[in-house]
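Thanks for coming, everyone. I have one model to walk through today. Let me put it on the screen.

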Amino acid sequence: MAVAHYNNGNCQERMNMNSCDGCTACCKTMKIQELNKPADTWCQHCTIGEGCGIYDTRPESCRVYECIWLQTQRGAKPLALELRPDKSRVVMGVTNQGDDLVLYLSPDRPDAWKRGGIARIVAETRAKGFTVMIKCGDRLQTL
Ligand code: SF4
Ligand code: SF4
């Protein structure tokens, strides 16, 4: 599994779009093998709400990871800032070769996916016939 990709703010392309700035959600949510960091635990190198303390030497999985919200920022239909994981409290990813949607939730906010824009994305994804899964703590549940 992977984790955070930060925008250091030194790339003009990144500065012109919504970015990770201010979001460090995946640095808590995701398991990071290289650091022996379990899921749902803040990385020891994370300054919450700011970024990575070892940005230049962060593990490969951190370098390559982009949540769905971040991926959409390069496209024609970027998801709204309010859906960024630090605000929505849902980190969205895919599995099964990109076919299924996975929502990574914090155990302290297990219902975060049930409201607003995330709920709409879930409904639309299911209406198209794709599977939506919820990962909360040790539990992986298919909706
Ligand atoms: S959860 Fe997404 S937007 Fe937030 S820091 Fe990770 S990759 Fe960036
Ligand atoms: S090493 Fe950096 S990017 Fe990776 S989880 Fe820790 S704080 Fe986040």
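Start with one residue: which residues does Cys-46 touch, not counting residues up to four places away in sequence? Cys-46 touches Thr-24, Cys-27, Cys-52 and Gly-53. Touching here means that the C-beta atoms, placed from the backbone, lie within 7 Å.

Before I go on, the ground rules. This is a predicted model: local features need pLDDT of at least 70, side-chain atom pairs count only at pLDDT 80 or more, and totals for chains, interfaces and linings use all residues. Residues are numbered from 1 along each chain as its sequence is written, while chains are lettered from A and ligands numbered from 1 in the order in which they are written.

Back to Cys-46. It is found in strand β1, residues 46-47. Cys-46 counts as buried because it has 20 C-beta neighbours inside 10 Å. The cut-offs: buried is 20 or more other C-beta atoms within 10 Å of the residue's own, exposed is 12 or fewer, partly exposed is in between, and C-beta atoms are placed from the backbone. Cys-46 and Cys-27 are 19 residues apart in sequence, and their C-alpha atoms are 6.8 Å apart in space.

Which residues are closest to ligand 2? Cys-27, Cys-43, Cys-46, Cys-52 and Cys-62, out of twelve that surround it. A residue is in such a shell if its C-beta atom, placed from the backbone, lies within 6 Å of the molecule. The shell of ligand 2 has ten nonpolar residues, one polar and one charged. For those classes, Ala, Val, Leu, Ile, Met, Phe, Trp, Tyr, Cys and Pro count as nonpolar, Asp, Glu, Lys and Arg as charged, and the others, Gly among them, as polar.

Now ligand 1. Here 14 residues make up the surroundings. The closest are Cys-20, Cys-23, Cys-26, Cys-67 and Pro-85. This shell divides into ten nonpolar, two polar and two charged residues.

Next, the overall fold. The protein has six helices and six strands. Along the sequence the pattern reads α-α-β-β-α-α-α-β-β-α-β-β. There are 143 residues, and 29% of them count as buried. Take contacts between residues at least 6 apart in sequence: 54% of them join residues at least 24 apart.

On to the sheet. In what order do its four strands run? The order is β3-β4-β5-β6, in an open sheet with mixed pairing. The edge strands are β3, residues 90-95, and β6, and each pairs on one side only. Neighbouring strands are turned by 25 degrees against each other on average, direction ignored. For that angle, axes are lines fitted to C-alpha atoms, for helices over the stretch in contact, and angles run from 0 to 180 degrees between N-to-C directions.

Look at β5, residues 132-136. It pairs with β4, residues 100-105, in the parallel sense over five bridges. Pairing needs at least two DSSP bridges between the strands. Leu-101 is bridged to Val-132, and Tyr-104 to Lys-135. With β6, residues 139-142, strand β5 pairs in the antiparallel sense over four bridges. There, Met-133 has Thr-142 as its bridge partner, and Ile-134 stands opposite Gln-141. Two residues separate β5 from β6 in this hairpin, and Gly-137 in the turn has a positive phi of about 60 degrees.

Between β4 and β5 comes the crossover. With helix α6, residues 116-127, these strands make a right-handed β-α-β unit. Right-handed means that, with the strands pointing away from the viewer, the path from the first strand over the helix to the second runs clockwise.

Stay on α6 for Ile-118. Why does Ile-118 count as buried? Because it has 21 C-beta neighbours inside 10 Å. Beyond four places in sequence, Ile-118 touches Leu-83, Ser-88, Val-90 and Trp-113.

Last, backbone angles. Most residues other than glycine have a negative phi. Arg-89, in the loop between α5 (85-88) and β3, has a positive one, near 65 degrees. Arg-89 is partly exposed, with 19 other C-beta atoms within 10 Å. Asn-36 also has a positive phi, near 55 degrees. Asn-36 lies in the loop between α2 (26-29) and β1, and counts as exposed, with 7 C-beta neighbours inside 10 Å.

Notes
Two residues are in contact if their C-beta atoms, placed from the backbone, lie within 7 Å.
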